[in-house]
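Dear colleague,

I am passing on the structure below, together with some notes on what was found in it. Please read the notes alongside the sequence and the coordinates.

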Amino acid sequence: MAQNIATNSGTGYPPSIWVGSAPTTTVKTKDIADVPWAAQNLLVPTSTIQGYIPVSIDEIVQIAQQNNVHPTYEVIYPRSKEGVFTLSAFPPKAKDEATIHIDQYTGAILADYRYEHYEFVGKVMAWGITIHKGLEYGLVNQIALLMLSLGIIAVVISGVVLWWKRKPKAHIGAPKLPEGKTAKGFFALMVVMGIIFPLFGLSIVFALIIEWLIIKRVDKFKKFFNH
Amino acid sequence: MITVIKKFYIGFTIFFLSIIIMGCSLNEGTEEFYRQENVLKVEIIIPEEIETGEGFDIQALMSQSDGEVPELENIKFYIWKDGEREENQSFQPEHVGNGMYTINSMIHKEGLYFVKVEANTNQSKVLPTKQFMVGAQLEEDMDAFPSRIDEVQHESHH
């Protein structure tokens, strides 16, 4: 969702890097040679033999080198007659990323997307991903993330401990919804976020179902959760 | 402060997971918002039937995705018989106008042949190969046909 919104509005990644399809060959389908090994022992008319054959992998590698693609690239082979070769590089640093589509018959570069061609949101996402993977700034990056995750573990454990220490005997100790106050704004925010980030939305729905089916209906739970 | 970081982290995780699980539809034509190539296109034109010992034209019609006639920096034709490629033997075609480049050729030995066109503008480069038959085709000829495999192996030798 978020990717589609960004790409559709022209502010994110160019299409085909995360979402959207790759371009297709520029040659006419009827001019493509039939795969000879499939028809090897059959009588084949000349007109079927005549046609374009795909460029070799050596040529693809050459094209990658000529265009300074980061050496960590992968070559994704065409999946159909009209498909393209795709060079895909997601190296440690976001600025070296590349997605390049090559016509499988003519060898022409149909699209060449580098980090500098991502729009603002796309750049931020790419940068966020390499930081998240601990690659963008090397060891410093990884140490910072280690501290962060240790911090989260500490928060989780200390949270449970502190709650346990202060918890009233009969129930969970959560405050009741204050009289006269509503959470409409917050609720709306959750709905919007839940649509933009479907997994987040799903977990909210799941929590609501649990509350509605179990907590509200079983007295013991109701009391425990201070409803 | 810590809860702020935690909130950020949870938000980020959800965001990151959603990037991974998403794959739904995209509007048509979004590529227009982003960088686009001026792609060089080529159509190799060979007569459908070629007899041995008779002259014929091999043509390459060059065009460009912006609709202009491309200004080529370079164009070369390579022609070889299946399994008998000689490197560096190229032909310079004649520009007959409107992006049409042509050479006249004559082949004396029947069999499977290849023509490769290498051409480039200052923005785009193409190197297509087209296969074609010369002379009458009999069923026996077809048995000797793993031409593409030959070609691939051949390519990797140099």
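In this predicted model, helix H6 of chain A, which covers residues 184-196, and helix H7 of chain A, residues 198-215, have axes that cross at roughly 130 degrees and come within 5 Å of each other. Because an angle over 145 degrees would be needed for roughly antiparallel, and 65 to 115 degrees for roughly perpendicular, H6(A) and H7(A) are classed as oblique to each other. As for the hand of the crossing, H6(A) passes H7(A) in a left-handed sense.

The residues that make this contact can be listed from both sides: H6(A) contributes Met190(A), Met193(A), Gly194(A), Ile195(A) and Ile196(A), and these meet Pro198(A), Phe200(A), Gly201(A) and Ile204(A) of H7(A). By residue class, the contact of H6(A) with H7(A) comprises seven nonpolar residues and two polar ones, with no charged residue among them.

Turning to chain B, its secondary structure consists of eight strands and three helices, and their order along the sequence is α-β-β-β-β-β-β-β-β-α-α. Regarding sequence separation, if one takes the contacts in chain B with a separation of 6 or more, 62% of them are accounted for by residues 24 or more positions apart.

Methods: Residues are numbered from 1 along each chain as its sequence is written. Chains are lettered from A and ligands numbered from 1 in the order in which they are written. This is a predicted model: local features need pLDDT of at least 70, side-chain atom pairs count only at pLDDT 80 or more; totals for chains, interfaces and linings use all residues. Side-chain values use heavy atoms; hydrogens and water are left out. Axes are lines fitted to C-alpha atoms, for helices over the stretch in contact, and angles run from 0 to 180 degrees between N-to-C directions. Helices (H or I, at least four residues) and strands (E, at least two) are DSSP runs, numbered from the N terminus. Angles under 35 degrees count as roughly parallel, over 145 as roughly antiparallel, 65 to 115 as roughly perpendicular and the rest as oblique. A crossing is left-handed if the near helix is turned anticlockwise from the far one by less than a right angle, and right-handed if clockwise. Contact means heavy atoms within 4.5 Å. Ala, Val, Leu, Ile, Met, Phe, Trp, Tyr, Cys and Pro count as nonpolar, Asp, Glu, Lys and Arg as charged, and the others, Gly among them, as polar.
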